[in-house]
Amino acid sequence: GALAACGGGGALLLSVEAATLFGVVLMAELMLGLPIAIAIFPAAVALSLAISVLIVTAVSRCLGARAPGTFPFFGSSHLAWHVRGHFAESGLAAWTRLLHGSALGSAALRALGATVGPGALVDTNATGEPHLVSIGAGAVLNGESELQAHSIEARRLKLVPTTVQPASTLGGHAYVMAGAVVEPHGILAPGAILMKGESLPGGAVWRGVPAVPDYGSAGGGGL
């Protein structure tokens with residue numbers, strides 16, 4: 001029942017977003033006419049997104065951001081992690097897609113607890129655990145790349161910080177698993193998976209599943 005309620009929370013947040021957007025546009029059309037309603041549509045989208053971020057942030061703070069550690073399944077920490085994930089992913093994914101690669105998208109991630117350095121280009125939703133993710137200045141996360149800060153092992157939840165350091169690059173659909181680090185100027189090729197706890201050396205290019213050094217590329221082995 002508790003886990004079903006988590007999914008209901010995400011659906012509720014989507015309903016709030018839709019109601020906000022529809023209400024603002026409808027009122028504008030009734031009071032000011034259709035051209036004005038169309039003109040203010042972007043502002044209505046921004047308002048709806050802002051409300052979503054505020055709700056998710058409030059829920060996260062009420063539940064408490066879980067520090068790195070290992071937690072038993074179905075305990076309070078596991079439930080809080082599950083609720084945070086449903087609110088953040090179900091409630092925000094649709095809107096944040098509109099902001100991928102923009103300063104507003106980075107600002108939304110920061111509001112959810114992520115560390116995002118200046119000049120970073122984040123063209124993806126990035127993570128379900130934003131408070132455990134660090135994206136360095138000038139880093140580039142291409143479309144559908146992802147940073148994971150959790151793993152499930154022997155029915156226990158493990159939360160571990162995951163880091164993409166300054167000026168590094170994740171190709172499209174690249175995946176960085178819990179506790180891994182991409183060092184400065186490192187490149188994780190499209191579709192590659194950097195395994196748990198591994199470090200991709202600065203200036204190196206890694207490819208494949210699991211990711212391994214590409215010695216055919218300049219600096220492929222980090223040597």
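Modeller: In this predicted model, buried means under 20% relative accessible area, exposed over 50%, and partly exposed in between (1.4 Å probe, protein chains only). Local features need pLDDT of at least 70, side-chain atom pairs count only at pLDDT 80 or more, and totals for chains, interfaces and linings use all residues. Residues are numbered from 1 along each chain as its sequence is written, and side-chain values use heavy atoms, with hydrogens and water left out.

Colleague: Is K196 buried, exposed or partly exposed?

Modeller: K196 is partly exposed, with a relative accessible area of 40%.

Colleague: Which residue forms a salt bridge with K196?

Modeller: The partner is E153, with the closest N and O atoms 2.5 Å apart. A salt bridge is a side-chain nitrogen of Lys or Arg within 4 Å of a carboxyl oxygen of Asp or Glu. E153 also meets K158 in a salt bridge, at 3.0 Å from N to O.

Colleague: How many salt bridges are there in the whole structure?

Modeller: The search finds 3. One of them joins D214 to R207, with the closest N and O atoms 2.5 Å apart. D214 is buried at 18%, whereas R207 is partly exposed at 40%.

Colleague: Now the sheet: what is the strand order?

Modeller: The order is β6-β11-β14, in an open sheet with parallel pairing. Strands are DSSP runs (E, at least two residues), numbered from the N terminus, and two strands pair if DSSP finds at least two bridges between them.

Colleague: Why is one side of β6 and of β14 left without a neighbour?

Modeller: Both stand at the edges of the sheet, each with a single partner strand, so one side of each has no neighbour there.

Conventions: Helix = DSSP H or I, 4+ residues; strand = E, 2+ residues; numbered from the N terminus.
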